[in-house]
Amino acid sequence: MSAKLIFSDIDGTLITSQGVVSSTTIEAIRKQIIAGNLFIPVSARFPKGIMNVVDKITNFCPMIAYNGALVLDEMGRPLNSQFFEASLALKLIEEIEEIEALDTNDLAWNVYSGYNWFSSLNKNPLIAKEEETIGVKSLPVSTEQIKELKGVHKMLIIGKPTLIDKIIPSLESKFPSLVFVKSAPHLLEVVLKGVNKGNAVKIILDSFAMDKGNAWAFGDNYNDESMFDSVGHPVLMGNAPKDLKESLSIPITLDNDHDGIAAVLNKIPN
């Protein structure tokens, strides 16, 4: 029997609402690894933020970071890396700061390049909360330092959910070469058009010469939809938004606080 590839989103999927991987889920994934199958984390997070979670399970796996803008093999070598220009990131920062000036610290920008996470020198409380969630500190920088970057893998806009929803149409109109997708009600991910988890999953499948029929994927949010289309066994978490549950015709497992991943993996024959 062929090996299986198990792709999993992190926030809202692999980890509980308390930000940890349950012992039941760890055991279920490790059993799959011992059986010769491969676990691959797929996240909007940057690499260090992914490994802070995954190292509780394994220290040796491929990963998909930045919603697919960076794909690394199990040795940490890039299989795919898609940047957008730092100049474009600066224009988006200017746009966000204009809105923020009107809404008094209701928005915060973040820039990710390679293994680095940059934030504004004017430390917004929203950044501190994200740092606590990820377990990593961002590096406060000036826009002049952003200008010097060779490229940007991802930007993240953090804000009040109502404001995030309000600004999306305007940003999509002003920045047609970028994709804006929510990974949580308060998190708006920004990547180069064409970048998504689904394309990154295909890159991993091709690197192992694997058929999608031997691939499982777990996710809970809108930025996981493309990933579901790229595998033979997509699974939506029970804590996913109601409209996503209604629009997707795929199996729904238990929520992330009740070992939804383990419930499925423990039924997969080795």
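**The core and its setting**

Reply: The secondary structure of the chain comes to 11 helices and 13 strands, where helices (H or I, at least four residues) and strands (E, at least two) are DSSP runs numbered from the N terminus. The radius of gyration, taken over C-alpha atoms, is 18 Å, close to the 18 Å that the globule rule gives for 270 residues, so the chain is as compact as a globular protein of that length; the rule itself is 2.2 Å times the number of residues to the power 0.38. This is a predicted model, in which local features need pLDDT of at least 70 and side-chain atom pairs count only at pLDDT 80 or more, while totals for chains, interfaces and linings use all residues. Residues are numbered from 1 along each chain as its sequence is written, and side-chain values use heavy atoms, with hydrogens and water left out.

Of the 270 residues, 54% count as buried, that is, under 20% relative accessible area with a 1.4 Å probe and protein chains only, whereas exposed means over 50% and partly exposed lies in between. Among contacts with a separation of 6 or more, 58% are made by residues 24 or more positions apart, a contact being heavy atoms within 4.5 Å.

The largest nonpolar core holds 42 residues, and Leu 14, Phe 218 and Leu 265 touch the most other members; such a core is a set of buried Ala, Val, Leu, Ile, Met, Phe, Trp, Tyr and Cys residues joined through side-chain atoms within 4.5 Å. Helix H11 (residues 260–265) gives the most to this core, with 4 residues. Apart from it lies another core, of 29 residues, including Ala 89, Ile 157, Ile 167 and Leu 178. In soluble globular proteins, nonpolar side chains tend to be buried together.

Leaving aside residues up to four places away in sequence, Phe 218 touches Ile 6, Phe 7, Ser 8, Asp 9 and Thr 13, and also Met 227, Phe 228, Val 235, Ile 261, Val 264 and Leu 265. Ile 6 is also among the residues that Leu 38 touches, along with Lys 4, Leu 5, Pro 62 and Phe 208, again not counting residues up to four places away in sequence. Leu 38 lies in strand E2 (residues 38–41) and is partly exposed, with a relative accessible area of 21%.
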